[in-house]
Amino acid sequence: MDLLRLLADQRCAGCGVRGAVLCRACRGALPWLAGPLCLRCGEPEPQPTIRCPVCRRLGVKVETVRSAIALTGVGDALMHCWKDGARAPLAAFAAACVVAAVPRPAVDLIVPIPGARSRAAWRGVDGPHDLARQLGQRWQLPVQATVLERVHERPQRGLSAAQRQRNASGAFAARSRIGGRVLLVDDVMTTGATLRAGVRQLRQAGAERVDVITFARVVTTL
Ligand SMILES: [Zn+2]
Ligand SMILES: [Zn+2]
């Protein structure tokens, strides 16, 4: 990629002004998930809690789920730009947000949710994989990108929550046994159906415990 052209073309993902991935004003408007959270699943709650309705909906043995920002406003605009594929620095920017917002989890390795090459939403980029690589560099953790594979690629977009559950439950298979404490990484958590399927496969493949980190998250309780 022509780096000079990339920099010259750099526009704010939030408002389009030239010069940066996100301008100062839009950085100030990032919807950080910083308030009281469910200690387990990371859902914003009026006060810290250890179990919430989102935990119950996840219904899988997961240690913690954490995300940097809510999928709204500037956060939503960032996700759209990232998925557009022409914005190479956005994986690095997303990772920087995660590192700023989420403490490094006590894990041994990182596994990304397998990319959906045929999914029209992502144009030529593999967001979860790129984010996993960036986090691996920042946190000095190995990335095993081939542990999970996608066994069918029906897009989740446009499906109801119940349809997503059914669609995602058979979406992944573990290609190998895995040990230790695993961090599962995805770009965004919507209903949690994709993450549940990934966590389940990792646990069945031998992971001692699984933590989850996503860059953004659909927050239902805000
Ligand atoms: Zn802006
Ligand atoms: Zn919860």
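Here is a short chat about the sheet in this predicted model.

Visitor: Hi! How are residues and chains labelled, and what limits apply?
Guide: Residues count from 1 along each chain as its sequence is written, chains are lettered from A and ligands numbered from 1 in the order in which they are written. In this predicted model local features need pLDDT of at least 70 and side-chain atom pairs count only at pLDDT 80 or more, while totals for chains, interfaces and linings use all residues.

Visitor: Great. In what order do the strands of the open sheet run?
Guide: The order is E1-E6-E5-E2, 4 strands with parallel pairing. Strands (E, at least two residues) and helices (H or I, at least four) are DSSP runs numbered from the N terminus, and two strands pair if DSSP finds at least two bridges between them.

Visitor: Which ones are the edge strands?
Guide: E1 and E2 (109-112), each pairing on one side only.

Visitor: How many bridges join E5 and E6?
Guide: E5 (residues 181-189) pairs with E6 over 8 bridges, and methionine 189 has arginine 217 in E6 as its bridge partner. From E5 the chain passes through helix H8 (residues 193-204) to E6, a right-handed β-α-β crossover (clockwise from the first strand over the helix to the second, with the strands pointing away from the viewer).

Visitor: And what about E1 with E6?
Guide: E1 (residues 65-70) and E6 share 5 bridges, in the parallel sense. Isoleucine 69 is partnered by alanine 216 in E6.

Visitor: New topic: is E6 mostly covered or uncovered?
Guide: Mostly covered: 8 of the 9 residues in E6 (residues 209-217) are buried (20 or more other C-beta atoms within 10 Å of a residue's own, C-beta atoms being placed from the backbone; 12 or fewer is exposed, in between partly exposed).
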